[in-house]
Amino acid sequence: MATIDTIAAWHDFVRHPGADGLDALLSDDVVFHSPIVHTPQVGKPVTTMYITAALRVLANDTFHYVREVIAPRDAALEFQAEIDGIVVNGIDLIRWNDAGRIVDFKVMLRPLKAVNLVHAQMRAMLESMREPQGTEELGMTAPYTTRRLDRRGHGTAAQHPQCGA
């Protein structure tokens with residue numbers, strides 16, 4: 001298996017979003033930590049759904065990365081965007097395996113006004129993605145099962161008939 005240049009592939013995906021690019025970048029058992037959802041979300045389908053929705057909300061003409069701190073298997077990518085006159089500042093914390101596939105993705109946002117705005121817009125975006133064309137575009141069919149992690153890191157299966165909400 002070829003090793004992926006994870007951060008270069010991530011930036012390429014952000015510039016040219018598509019489920020195919022994300023599918024090649026994510027590990028099958030990737031864990032996604034949302035700034036809104038309390039429990040970590042486990043699995044490629046639910047992570048693809050959340051990242052796709054987030055990019056549809058955030059990746060407008062003002063979206064850009066302002067700082068990157070990159071280690072051999074981890075990165076912190078600080079971003080900024082403006083939505084409805086509110087500056088959204090956030091960080092993508094990304095960890096990958098030896099093959100370069102993302103195994104852990106955490107998003108943090110600030111300030112509170114931005115968190116509330118992104119929450120509302122993400123909710124609307126995820127609602128729109130519940131339509132059949134939205135889930136087909138992501139290569140998902142509802143209902144599907146994901147695993148959530150409890151505080152001790154133990155996974156439990158969860159049925160998500162409406163896109164993981």
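Modeller: The structure holds 5 salt bridges. This is a predicted model: local features need pLDDT of at least 70, side-chain atom pairs count only at pLDDT 80 or more, and totals for chains, interfaces and linings use all residues. Residues are numbered from 1 along each chain as its sequence is written, and side-chain values use heavy atoms, with hydrogens and water left out.

Colleague: What makes Lys44 and Asp23 a salt bridge?

Modeller: The term asks for a side-chain nitrogen of Lys or Arg within 4 Å of a carboxyl oxygen of Asp or Glu. The closest N and O atoms of Lys44 and Asp23 are 3.2 Å apart, so the pair meets the definition. Lys44 sits in helix 3 and Asp23 in helix 2, 21 residues apart. Helices are DSSP runs of H or I with at least four residues, strands are E runs with at least two, and both are numbered from the N terminus.

Colleague: Why is Lys44 called buried?

Modeller: Buried means under 20% relative accessible area, exposed means over 50%, and partly exposed lies in between (1.4 Å probe, protein chains only). Lys44 has 11%, so Lys44 is buried. Asp23 has 40%, so Asp23 is partly exposed.

Colleague: How do you know that Asp28 is exposed?

Modeller: Its relative accessibility is 61%, so Asp28 counts as exposed. Asp28 also meets Lys44 in a salt bridge, at 3.1 Å from N to O. Asp28 lies in strand 1 and Lys44 in helix 3, so this pair ties together parts that are 16 residues apart in sequence.

Colleague: What makes Arg95 and Asp104 a salt bridge?

Modeller: Their closest N and O atoms are 3.6 Å apart. Arg95, at 40%, counts as partly exposed. Asp104, at 13%, counts as buried.

Colleague: What makes a set of residues a nonpolar core?

Modeller: The members are buried Ala, Val, Leu, Ile, Met, Phe, Trp, Tyr and Cys residues, joined through side-chain atoms within 4.5 Å. The largest such core here has 40 residues. Trp10, Ile51, Leu58, Ile94, Ile102 and Phe105 touch the most other members. Among the elements giving two or more residues to this core are helix 1 (6–15) and strand 5 (86–96).

Colleague: What does Ile94 touch?

Modeller: Contact means heavy atoms within 4.5 Å. Not counting residues up to four places away in sequence, the partners of Ile94 include Ile7, Trp10, Ile102 and Phe105.
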